[in-house]
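Student: I am new to this structure and would like to understand the words used to describe it. Could we go through them together?

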Amino acid sequence: MSDVLTQLGEVLEQRKSASPDSSYVSSLHAKGLNKILEKVGEEATETILAAKDAEASGDNRDVIYETADLWFHSLVALSHLGETPQAVIDELARRFDLSGLEEKASRNKD
């Protein structure tokens, strides 16, 4: 799984410097972080709606599609901030041996 995310991260980095007229990713970067975050919010909403529909219908195809869009736009946001998908993978790995309650409690101490 991380191979796909690593490859996607590399493509996102390459497309940052492409012409905004030839690359969707480059056009998002050219519009700035606020536009990228608008897309993340839009995709999050679409993912939520698709999940609700999936629960009712038993068909998960749309929620998978929308989740892919959400992940993609989240990775574009991270790329805009100079981060890679590996940073998220590393953070998830760090949390692997923590219970959710322990992880949440550790955030509240800061």
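Student: What is the handedness of the crossing of helix 1 and helix 2?

Tutor: The crossing of helix 1 and helix 2 is right-handed. A crossing is right-handed if the near helix is turned clockwise from the far one by less than a right angle, and left-handed if anticlockwise. Before we go on: this is a predicted model, where local features need pLDDT of at least 70, side-chain atom pairs count only at pLDDT 80 or more, and totals for chains, interfaces and linings use all residues. Residues are numbered from 1 along each chain as its sequence is written, and side-chain values use heavy atoms, with hydrogens and water left out.

Student: What makes helix 1 and helix 2 oblique to each other?

Tutor: Their axes come within 8 Å and cross at roughly 60°. Axes are lines fitted to C-alpha atoms, for helices over the stretch in contact, and angles run from 0 to 180 degrees between N-to-C directions. Angles under 35 degrees count as roughly parallel, over 145 as roughly antiparallel, 65 to 115 as roughly perpendicular and the rest as oblique. Helix 1 and helix 2 are therefore oblique.

Student: Which residues make that contact?

Tutor: L12, R15 and K16 of helix 1 and V25, S26 and H29 of helix 2 make the contact (heavy atoms within 4.5 Å).

Student: Why is H29 called buried?

Tutor: Buried means under 20% relative accessible area, exposed over 50%, and partly exposed in between, using a 1.4 Å probe and protein chains only. H29 has a relative accessible area of 11%, so H29 is buried. Not counting residues up to four places away in sequence, H29 touches K16, I36, V76, S79 and H80. The C-alpha atoms of H29 and S79 are separated by 9.1 Å, although these residues are 50 apart along the chain.

Student: Why are helix 3 and helix 4 called roughly antiparallel?

Tutor: Helix 3 and helix 4 pack at an angle of about 160°, with their axes 8 Å apart. That angle falls in the class above, so helix 3 and helix 4 are roughly antiparallel to each other. The crossing of this pair is left-handed.

Student: What residues meet between helix 3 and helix 4?

Tutor: Among them are V40, E43, A44 and T47 in helix 3, and V63, E66, T67 and L70 in helix 4. The residues of this contact divide into 12 nonpolar, five polar and six charged. Here Ala, Val, Leu, Ile, Met, Phe, Trp, Tyr, Cys and Pro count as nonpolar, Asp, Glu, Lys and Arg as charged, and the others, Gly among them, as polar.

Student: How do you know whether T47 is buried or exposed?

Tutor: T47 has a relative accessible area of 12%, so T47 is buried. Leaving aside neighbours within four places in sequence, T47 is in contact with V63, E66, T67 and L70.

Student: Which residues form the largest nonpolar core?

Tutor: The largest nonpolar core has 10 residues: L5, L12, V25, L28, I36, V40, L70, L75, V76 and A77. Such a core is a set of buried Ala, Val, Leu, Ile, Met, Phe, Trp, Tyr and Cys residues joined through side-chain atoms within 4.5 Å. Helix 4 gives the most to this core, with four residues.

Student: How many helices and strands does the chain have?

Tutor: The chain has six helices and zero strands. Helices (H or I, at least four residues) and strands (E, at least two) are DSSP runs, numbered from the N terminus. Buried residues make up 25% of the 110 residues in the chain.
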